[in-house]
Amino acid sequence: MGHSNNVTEFVLQGLTQDPEGQKALFVIFLLIYFVTLVGNLLIVVTVVASPSLGSPMYFFLADLSLMDVVYSTAISPKLMMDLLCGKKTISFQACMGQLFLEHLFGGAEVFLLVAMAYDRYVAICKPLHYLTIMNGQVCLLLLGVACIGGFVHSVVQLLFVYSLPFCGPNVIDHFICDMYPLLELACTDTSIMGLSVVANGGAICMVIFILLLISYGVILNSLKTCSQEGRRKALLTCSSHIAVVVLFFVPCIFMYVRPVCNFPTDKSISLIYTVITPMLNPLIYTLRNTEMKNAVKQLWCKKLTTRRMRRCHPY
């Protein structure tokens, strides 16, 4: 069906219609967005500036943090702005843009988490060949595959929605432009389209989530042969990865592995992987990683020392 619609903008109902509640949520989300930016950018700067964090694991961690920054920026500023506005509108083109960015970086993160799991598998199960297998070219290749996978997934989702006719209601019962709320507004039968969305989104998430759990199960099983110190370090690293995987995949599976329908809990579930998870990722990886914590301390101690020296010797 060709693209044909009379809708030039959508109205987002947001999270609540209570003015006092909106003000409170604005403060909360502003704080969350600030912590998300600072935490993720701190990881990126620390990895780039610290020679001790030159392993592939930290390369992928910095990439994940960058994706979280952009992913969160595609959602949070508009969400906060709507909490302060009387009428929450978004143009058709801006809605499509938000949908594209959301699925681009969300999809890329899915594949990047697979690359991170493979990195941990090689590091723990094949330690003697780790640097040979996970060389610079392989890391860049895995990152490229993740970005291409996210791009293809996002383009397919966008083409699905863009080809639909929107000729009547334009009120989206959500705080973002997403697939199922938009499909419900289309002036045509979207049951077949809904199955395509499940195949392109939900099924991929489900399969990858199961494969990731199996891979981490294999990794944890292989720790029996490691020393006590090696087992402790590997458990800390893997537990951080598993926590991030569960936080990201479980809400996504709930949202996309089902027919086209909307539930009252959808907004709360969407908040987990669009707003909360990007904030928690740097906290999970940093607080449970001794090397990262030491690198952050050294980086900021070095900066403070440099500033003091400049004050004492301005010329």
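Is Cys252 buried or exposed?

A quick word on what we're looking at. This is a predicted model, where local features need pLDDT of at least 70 and side-chain atom pairs count only at pLDDT 80 or more, while totals for chains, interfaces and linings use all residues. Residues are numbered from 1 along each chain as its sequence is written, and side-chain values use heavy atoms, with hydrogens and water left out.

Now, Cys252. With a relative accessibility of 5%, Cys252 is buried; that label means under 20% relative accessible area, with exposed being over 50% and partly exposed in between, using a 1.4 Å probe on protein chains only. Its closest cysteine sulfur belongs to Cys205, at 4.9 Å, which is too far for a bond. The cut-off here is a pair of cysteine sulfur atoms within 2.5 Å.

Cys95 sits in helix H3 (residues 92-125) and Cys177 in the loop between strand E3 (171-172) and helix H6 (179-185), so the bond ties together parts 82 residues apart in sequence. Helices here are DSSP runs (H or I, at least four residues), strands are E runs of at least two, and both are numbered from the N terminus. Cys95 and Cys177 are both buried.

The other disulfide joins Cys167 and Cys187, with the sulfur atoms 2.1 Å apart. Cys167 is in the loop between helix H5 (136-162) and E3, and Cys187 in the loop between H6 and helix H7 (191-222), so this pair ties together parts 20 residues apart in sequence. Cys167 is partly exposed at 43%, as is Cys187 at 34%. Counting bonded cysteines along the chain, the pattern is 1-3, 2-4.

Let's turn to helix H2, residues 56-84. Of the 29 residues, 22 are buried, so H2 is largely enclosed by the rest of the structure.

On a 1 Å grid over the protein atoms alone, a cavity is a set of points where a 1.4 Å probe fits but cannot get out, a pocket is an open set with protein on both sides within 12 Å along at least five of seven lines, and lining residues have an atom within 4 Å of a point. The largest pocket holds about 500 Å³, and among its 23 lining residues, Arg120, Lys233, Ala234, Thr237 and Glu291 lie nearest the centre. H8 gives the most to that lining, seven residues.

The search also finds two cavities of 30 Å³ or more. The largest has about 200 Å³ of space, and the closest of its 17 lining residues to the centre are His103, Gly106, Gly107, His153 and Cys205. H3 gives the most here, with six residues. The second largest cavity has about 80 Å³, and four of its lining residues come from H8, the largest share.

Definitions and conventions:
Grid points are joined across faces, edges and corners, and a volume is the space filled by probe spheres set on the points.
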